[in-house]
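Work through the exercises below with the sequence and the model open side by side. Try each task before reading its solution.

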Amino acid sequence: MQTRFTEEQLKERSILESADVLRRCVHCGFCTATCPTFQVLGDEADSPRGRIWMMRDMLEKGGAPDKQIVTHVDRCLSCLSCRTTCPSGVDYMRLVDHARAHIHEHYQRPMADRMFRQFVLFLLVRPKLFRFALKAGGWAAPYFSWLPGRFGALIDHVPDRIPAAPPQKATYAPHHELATQRVALLHGCATAALGGEIHHATIRVLNRLGVEVVMPKETGCCGALHHHAGDEAHARKLARKNVAAWRAAGVDAVIVNASGCGTTVKDYGHLLAEDGDVEAAAWVGDHCMEITEFMDQHDGWEAQAPEGEQVVHHTACSMMHGQGLAGVGERVLRRAGYQVQGINDAHICCGSAGSYSLFQPEISGKLKEKKAANIIQAGGTVMASANLGCMSHLASALPMPTAHNIELVDWAMGGPMPPSIKAAKAKFANH
Ligand code: SF4
Ligand code: SF4
């Protein structure tokens with residue numbers, strides 16, 4: 001694709017990178033076939049190829065973009081299915097990240113939209129407040145489940161059961177006398193509020209392997225939510241804090257158990273390339289591992305899954321397309337002794353996509369229905385995934401409980417039954 005950036009524009013790193021991405025696109029359109037929003041809306045403007053045209057025009061022109069362009073970029077899930085499909089190596093992630101940052105900087109959203117976005121981001125990155133809001137939402141949900149649109153989507157995210165509180169200590173020592181490794185575990189934002197049980201399972205598994213786990217108090221959200229909203233300054237601020245604390249803790253690696261965060265942390269070297277301690281950020285990016293990936297590469301564990309559990313595995317887009325880890329979740333769960341089923345159209349996003357399900361509830365809802373139908377058709381007793389976002393998003397559409405891959409591995413290694421499965425069994429017994 002031809003570009004017409006000026007010499008002056010090309011002095012900016014982000015423009016230079018986007019120009020390189022754009023030049024690789026040959027308009028073949030292969031990517032449209034695997035784009036979830038094109039499948040739902042059937043509009044070229046909601047396909048990768050259509051968006052690439054529009055983003056090129058917006059970036060070349062500079063300044064405030066048209067409302068129409070913003071609408072189509074907002075509808076993109078950043079699932080990166082198009083990047084996996086593209087035969088020309090178009091790095092769509094770099095381009096759409098740049099476009100979102102440009103929109104954030106130059107476009108004035110309507111007041112209601114702006115306030116809703118600010119409210120969601122404010123809440124999600126404050127785990128204590130978020131947990132409190134979920135508890136309050138639990139009391140209110142039965143009366144407000146009829147609400148349409150974004151507020152209905154908010155209510156739909158209130159879980160039936162508020163999970164255990166997240167770990168509170170800064171260090172979790174292994175059972176072995178000598179630790180073989182020392183890793184940092186990302187607190188996260190939504191995971192810190194809703195994924196306490198996932199964190200506890202991760203720590204138990206790592207400790208059994210002789211791995212010391214540290215969770216410095218100064219660390220928190222990885223910055224992905226702000227990054228995807230185009231607020232690069234805030235995303236960098238959060239990333240810088242994490243990088244500084246992890247490097248000060250002298251860890252061998254950084255573990256994430258929400259795969260959406262993994263894509264962002266692995267890219268810290270790029271996010272902080274012009275800002276802060278570049279070397280430390282690049283080190284973190286290079287030494288970050290998603291927990292299922294860590295288990296896949298670790299030779300020293302055995303497990304025996306409980307009998308009768310059939311796992312339907314949903315691979316999050318951040319695993320499959322973001323980090324190139326397709327097949328890893330299934331492999332690890334089989335190694336733990338589970339029977340594992342794949343699902344049809346596994347490469348298509350479930351519609352969760354971070355905060356997308358709150359901002360684009362109609363498209364997200366349609367993708368959720370399709371994904372849930374494919375999971376139900378596969379017919380397991382539990383749905384497993386590496387991403388809490390997908391689990392929470394899909395839970396209300398599924399007849400079976402959802403659990404994180406690492407909770408199932410922990411169970412198969414002698415840990416407790418995942419609380420979501422326990423709750424589902426208790427509910428079934430009472431009927
Ligand atoms: S598949 Fe790649 S080269 Fe073809 S239109 Fe899509 S992004 Fe462009
Ligand atoms: S990131 Fe996903 S939703 Fe966005 S254009 Fe690519 S395939 Fe479509």
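## Exercise 1: The second largest pocket

Sort the lining of the second largest pocket by residue class, then find which elements build it.

Step 1. Start with the classes. The lining of this pocket holds 18 nonpolar, nine polar and eight charged residues. Keep in mind throughout that this is a predicted model.

Step 2. Take the size. The second largest pocket has a volume of about 1100 Å³.

Step 3. Find the centre. The lining counts 35 residues, and D160, A395, P401, T402 and S420 lie nearest the centre of the pocket.

Step 4. Assign the elements. Two or more lining residues come from each of α9 (149–156), α11 (196–208), α22 (388–395) and α24 (419–429).

Step 5. Pick the main contributor. That is α24, which gives seven residues to the lining of the second largest pocket.

## Exercise 2: The parallel sheet

Give the strand order of the open sheet of four strands, and explain why β7 and β9 each have one side without a neighbour in the sheet.

Step 1. Write the order. The four strands run β7-β6-β8-β9, and their pairing is parallel.

Step 2. Look at the ends of that order. β7 (339–341) and β9 (402–404) stand at the edges with a single partner strand each, so one side of each has no neighbour in the sheet.

Step 3. From one strand to the next, it averages 35 degrees.

Step 4. Check the pairs of β6. Strand β6 (residues 310–313) is joined to β7 by three bridges, and the two run parallel. Strand β6 also pairs with strand β8 (residues 382–385) in the parallel sense, over three bridges.

Step 5. Go down to residues. V312 has Q341 as its bridge partner in β7. In β8, V312 has M383 as its bridge partner. H313 stands opposite A384 in β8.

Step 6. Place the helix. Helix α23 (residues 405–412) lies across β6, β8 and β9. Helix α23 runs at about 80 degrees to β9.

## Exercise 3: Two cavities

How many cavities of 30 Å³ or more does the structure hold, and which residues lie nearest the centre of the largest cavity?

Step 1. Count. There are two cavities of 30 Å³ or more.

Step 2. Assign the elements. α3 (48–61) and α5 (81–85) give two or more residues each to the lining of the largest cavity. The largest share is three residues, from α3.

Step 3. Sort by class. The lining of the largest cavity has 11 nonpolar, three polar and two charged residues.

Step 4. Move to the second largest cavity. Its volume is about 70 Å³. Of its 13 lining residues, C35, R51, C76, C79 and C82 are the closest to its centre.

Step 5. α2 (36–41), α3 and α5 each supply at least two residues of the lining of the second largest cavity. By class, that lining divides into nine nonpolar, three polar and one charged.

## Exercise 4: Two domains

State the bounds of domain 1 and domain 2, then describe how they sit relative to each other.

Step 1. Take the bounds from the domain assignment. Domain 1 covers 9–106 and domain 2 covers 300–429.

Step 2. The C-alpha centres of domain 1 and domain 2 lie 29 Å apart.

Step 3. Count the contacts. 15 residues of domain 1 are in contact with 14 residues of domain 2.

Technical notes. Residues numbered from 1 in each chain as written. Chains lettered and ligands numbered in written order. Predicted model: local features only at pLDDT ≥ 70, side-chain atom pairs only at ≥ 80, totals over all residues. Heavy atoms only, no water. Pairing = 2+ DSSP bridges. Axes fitted to C-alpha atoms, helices over the stretch in contact; angles between N-to-C directions. Contact = heavy atoms within 4.5 Å. 1 Å grid on protein atoms, 1.4 Å probe; cavity = no way out; pocket = protein on both sides within 12 Å on 5 of 7 lines; lining within 4 Å. Points joined across faces, edges and corners; volume = space filled by probe spheres on them. Nonpolar A, V, L, I, M, F, W, Y, C, P; charged D, E, K, R; others polar. Domains from an automatic or database assignment.
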